[in-house]
Amino acid sequence: MSIRRAVALGSGSYLPERILTNDELSKTVDTTDEWIFARTGIKQRHIAADGEWTSDLATKAAERALDMAKISATEIDLIIVATATPDQTFPSTATRVQHNLGTTQGFAFDVQAVCSGFVYALSVATQFIETGKVTNALVIGAETFSRILDWTDRTTCVLFGDGAGAVVLQGQDGNGTKADRGILSTELRSDGTHNELLYVDGGPSTTGTAGCLRMRGKEVFRHAVSNLATIGEEALVSAGATSDDVDWVVPHQANHRIIEATARKVGIPMEQVILTVSDHGNTSAASIPLALDSGVCDGRITPGNLLLLEAMGGGFTWGAATLRW
Ligand code: UT7
């Protein structure tokens, strides 16, 4: 049976020039490279320059994805930016990216699901493509988390970084089997009970400020491992696949230990997991497309590979997708 699939034509990413190492951080907060690396796997993160906005990072990642996909911005019908750190409260960062890319057709909007944002955005874009409403979509995860960190709080400021990643999706006909290229399944969940475990202590309707990120790391860690393993397995079942079919896991890069524990639960060896957490830290919605692009550009991810994407973040929100590259 012929069905419409959202096929990935290309990926792109962008990291700000400035690198902040653990050693450098240990000069301003009470921490060490040893502690950060042992607890998280992070060695360094990138920090956006003064005047460099989330939309600037997103635009650069989008341009690279369009180059790889060999299509022009004027052919894009839909732009979704997943971000929890928009340039402004409004307009959306996505409309700014649309303007930066020099296009006026179609429509653009932001999705806010914090670290799960890219999987949410991918799922939304897939629905538009599968219904035939959209042919070409640009799905971007972009963040400047450095702007919402309390740089005196060692329990959070060592964990996050800035960056952006993007994927171009195109509607193409498939056979309706797991051998099809494109997004084979997406699963999304949320549970607002745990708002207070990971949140930002500001916002337009509360304090009128952007606020700072606050997290009870240990509790988040526990929920992350169990939620990610479950949703990963659900996405595989929805695709009619098993962990044996997976070539690469492309997880949200929050903590090496979370990634390892989740891979063990799903039954996929670490040799099949794309890891970028050491170089980027946790870039929230940008982390999956950044990891994906790094796997594509270094030749590990090749056409026909089955990828399992999974993420968990504030809200809580979590989600997973299977994608045949
Ligand atoms: O992306 C959204 C999802 N977010 C996550 O998935 C993050 C989930 N959580 C985590 O990754 C981990 O819980 C952390 C990396 C945040 C923390 O690791 P942990 O092993 O859970 O450490 P902990 O919070 O239990 O802290 C252990 C000790 C504490 O000292 P005491 O109370 O044992 O004396 C902390 O005060 O480490 C201390 N500590 C630090 N020491 C040096 C906390 N942060 C630091 C630091 N440097 N930066």
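A cavity is a set of points, on a 1 Å grid over the protein atoms alone, where a 1.4 Å probe fits but cannot get out; grid points are joined across faces, edges and corners, and a volume is the space filled by probe spheres set on the points. The model is predicted, so local features need pLDDT of at least 70 and side-chain atom pairs count only at pLDDT 80 or more, whereas totals for chains, interfaces and linings use all residues. Residues are numbered from 1 along each chain as its sequence is written, and side-chain values use heavy atoms, with hydrogens and water left out.

**View 1. The largest cavity holds about 50 Å³ of space.**

**View 2. Residues lining the largest cavity include V249, P251, I259 and E310.** Lining residues have an atom within 4 Å of a point. By class, 8 are nonpolar, 1 is polar and 1 is charged (Ala, Val, Leu, Ile, Met, Phe, Trp, Tyr, Cys and Pro count as nonpolar, Asp, Glu, Lys and Arg as charged, the others, Gly among them, as polar). Helices (H or I, at least four residues) and strands (E, at least two) are DSSP runs, numbered from the N terminus.

**View 3. S11 lies in strand β1 (residues 3-14).** S11 has a relative accessible area of 1% and is buried (under 20%, with a 1.4 Å probe and protein chains only). Beyond its neighbours within four places in sequence, S11 is in contact with residues including R64, M68, D293 and W325 (heavy atoms within 4.5 Å).

Definitions and conventions: Buried means under 20% relative accessible area, exposed over 50%, partly exposed in between (1.4 Å probe, protein chains only). On a 1 Å grid over the protein atoms alone, a cavity is a set of points where a 1.4 Å probe fits but cannot get out, and a pocket is an open set with protein on both sides within 12 Å along at least five of seven lines; lining residues have an atom within 4 Å of a point.
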